[in-house]
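This report describes a surface patch and the aromatic contacts of the structure shown below.

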Amino acid sequence: MSGSGPWWRNTTIYQVYPRSFSDSNGDGIGDLPGIIESLDHVSDMGFETLWVSPFFSSPQEDFGYDVSDFRDVAPEYGTFSDAQTLISEAHRRGLKVMFDMVFNHTSAEHPWFVESRSSRDNPKADWYIWHDGRPGRLRRLPGRAPTAPPNNWRSVLQVRKAWEWGRERQQWYMATFLPFQPDLNWRNPEVRAEMMDIARFWLDQGVDGFRLDIFHMIMKDERLRSNPRRPKLFELDTPHLNTPEHTVNIDDNFELAGDLREVAEEFDGDRVLLGEVFGSPQVLRRYVNRADAAGRRRPGLHLVFLFDFLAYKYSAKWFERCIGRYEKEFPDPLLPTYVLENHDRSRTASRVGGDLRKARVLATLLLTLRGVPTVYNGQEVGMTNTYIPLRQAMDPIARRYFSWIPETISKRMTERLNRDEMRTPMQWDNTAGAGFTDPDVEPWLPVGPDNEGNRGNEDIPDTEDSQDRGGRNVAAQQGDPASLMELYRNLLSIRKANPALRCGSLSHLG
Ligand code: BGC
């Protein structure tokens with residue numbers, strides 16, 4: 001056990017969701033200059049790495065996870081030069097910076113896709129996954145595709161197929177996530193070369209690494225074989241209608257991790273790749289530590305998120321079992337990467353009914369475990385989900401697929417179907433606008449009622465916890481030794497000073 005090795009082995013990550021972090025120009029939307037102005041908070045807290053969710057050019061249908069130019073910045077977030085300043089200002093404070101690379105798909109408005117969809121023989125025709133349909137539609141209904149999709153693949157959301165009809169080409173294109181996010185064809189050498197160059201482009205600008213969006217799904221079966229049917233139509237543990245054998249974590253995807261690693265290693269400074277990947281611990285481990293077909297060891301991603309904590313059960317037994325499993329599958333020199341909340345999943349504090357005492361226990365656990373902990377902006381002040389009815393959602397998933405669900409049901413669900421609820425503005429102080437934006441400006445999503453403490457917030461129990469009455473915002477908690485934020489700060493400093501907490505072994509686990 002030692003505290004040495006590349007920086008990423010000893011780091012803590014703070015995730016910033018740019019749209020909601022800090023609005024510098026009073027348009028109600030967070031931006032890069034806002035992040036730059038707020039960097040002191042991140043470094044003063046003791047976080048060491050900043051992960052910034054996408055801010056590249058995008059029609060913002062999925063708020064940046066639908067990129068239309070990977071080499072430029074969306075105007076509402078700033079300019080290319082702001083991105084450069086963000087990197088240099090973070091570095092000036094000793095912070096590392098990771099950008100969020102969405103390699104699986106682009107926006108349907110990306111010029112590549114606009115060209116690709118226009119005909120079957122344009123120069124970008126094969127940049128996306130296009131295929132003829134199968135015969136099978138009995139009747140040609142107006143507005144409906146005349147053929148059936150090429151196979152039974154389903155989108156991540158299961159509620160829809162993974163294929164969309166392209167009228168101009170009279171073919172289907174694959175969209176693993178949402179219809180406006182067509183999947184790139186990584187089997188095309190031109191696509192692969194271009195995407196690797198995009199990674200090099202930002203590494204050249206000085207970013208220290210990437211968080212890789214839905215990395216486990218990038219390569220798909222070359223022959224487009226249908227996925228095997230599940231013996232049971234619907235299993236609650238993983239609600240997949242089919243076993244995603246040919247679409248998720250396929251062998252070629254592990255090779256891709258190795259190829260990307262080679263690109264990262266062209267640069268000095270230990271650039272890091274952190275995968276958003278889903279699967280069993282054994283499968284996830286193959287992304288970081290594996291042998292190729294010939295039995296040679298080939299390095300892949302440096303880190304992969306272990307997402308089980310996102311759905312934790314507040315019980316010592318549960319955590320013991322979960323951590324024990326990861327300790328076994330990710331022994332030193334592998335590192336677990338734990339995360340309690342992010343921009344897609346429920347806030348930690350809400351999972352425990354807003355109870356700050358439990359949020360403190362969870363913070364202590366997260367920041368004293370071996371590995372790389374990740375904290376989502378607002379988690380440090382105990383922000384809870386802000387209930388926003390599905391029918392008012394900005395989140396494209398909620399709008400498209402869940403707006404029919406009655407509020408009485410959706411309100412009670414632990415898993416939040418409307419991701420807006422976790423994306424409300426960062427709470428800096430208790431002014432109108434929460435210090436995120438000017439008091440007279442309406443932010444793109446409402447400020448959470450917990451900004452004012454538990455007054456009027458049905459999500460938070462009226463406890464004797466005095467710090468809560470001060471509000472779940474930075475100004476209220478700053479300097480208050482009893483606050484959650486100061487606990488985070490202390491834990492981060494203790495972690496930094498004690499290598500045993502970052503990389504020490506654990507024993508007596510079941
Ligand atoms: C991101 C989501 C995004 C999706 C599609 C993810 O898992 O975290 O926010 O909507 O990928 O890019």
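In this predicted model, Arg134, Arg144, Lys161 and Arg229 form a positive surface patch; a patch joins like charges within 9 Å, among residues with over 30% relative accessible area and no salt bridge. Local features need pLDDT of at least 70 and side-chain atom pairs pLDDT 80 or more, whereas totals for chains, interfaces and linings use all residues. Residues are numbered from 1 along each chain as its sequence is written, and side-chain values use heavy atoms, without hydrogens and water.

Arg144 is located in the loop between β6 (130-131) and β7 (163-166). Its relative accessibility of 43% makes Arg144 partly exposed, a class lying between buried (under 20%) and exposed (over 50%), with a 1.4 Å probe and protein chains only.

The aromatic pairs number 34. Rings of Phe, Tyr and Trp (its six-membered ring) pair if their centres lie within 6.5 Å; planes under 30 degrees apart are stacked, over 60 edge-to-face and the rest tilted. Two of the pairs are tabulated here.

| Pair | Centre distance | Plane angle | Class |
|---|---|---|---|
| Phe63 and Trp444 | 4.9 Å | 50° | tilted |
| Phe80 and Trp202 | 5.5 Å | 45° | tilted |

The pair of Phe80 and Trp202 links helix α3 (residues 80-92) with helix α5 (residues 189-205), across 122 residues. Phe80 is partly exposed at 21% relative accessible area, while Trp202 is buried at 0%. Phe63 and Trp444 are both buried.

One aromatic cluster comprises Phe309, Tyr312, Trp318, Phe319, Tyr326, Phe330 and Tyr338.

Key. Patch = residues over 30% accessible without salt bridge, like charges linked within 9 Å, V, L, I, M, F, W, Y side chains within 5 Å. Areas by Shrake-Rupley, 256 points an atom, 1.4 Å probe, with all protein chains shown as cover. Salt bridge = Lys/Arg side-chain N within 4 Å of Asp/Glu carboxyl O. Lys, Arg positive; Asp, Glu negative; His and termini not counted. Charge placed at Lys NZ, Arg CZ, Asp CG, Glu CD. Helix = DSSP H or I, 4+ residues; strand = E, 2+ residues; numbered from the N terminus.
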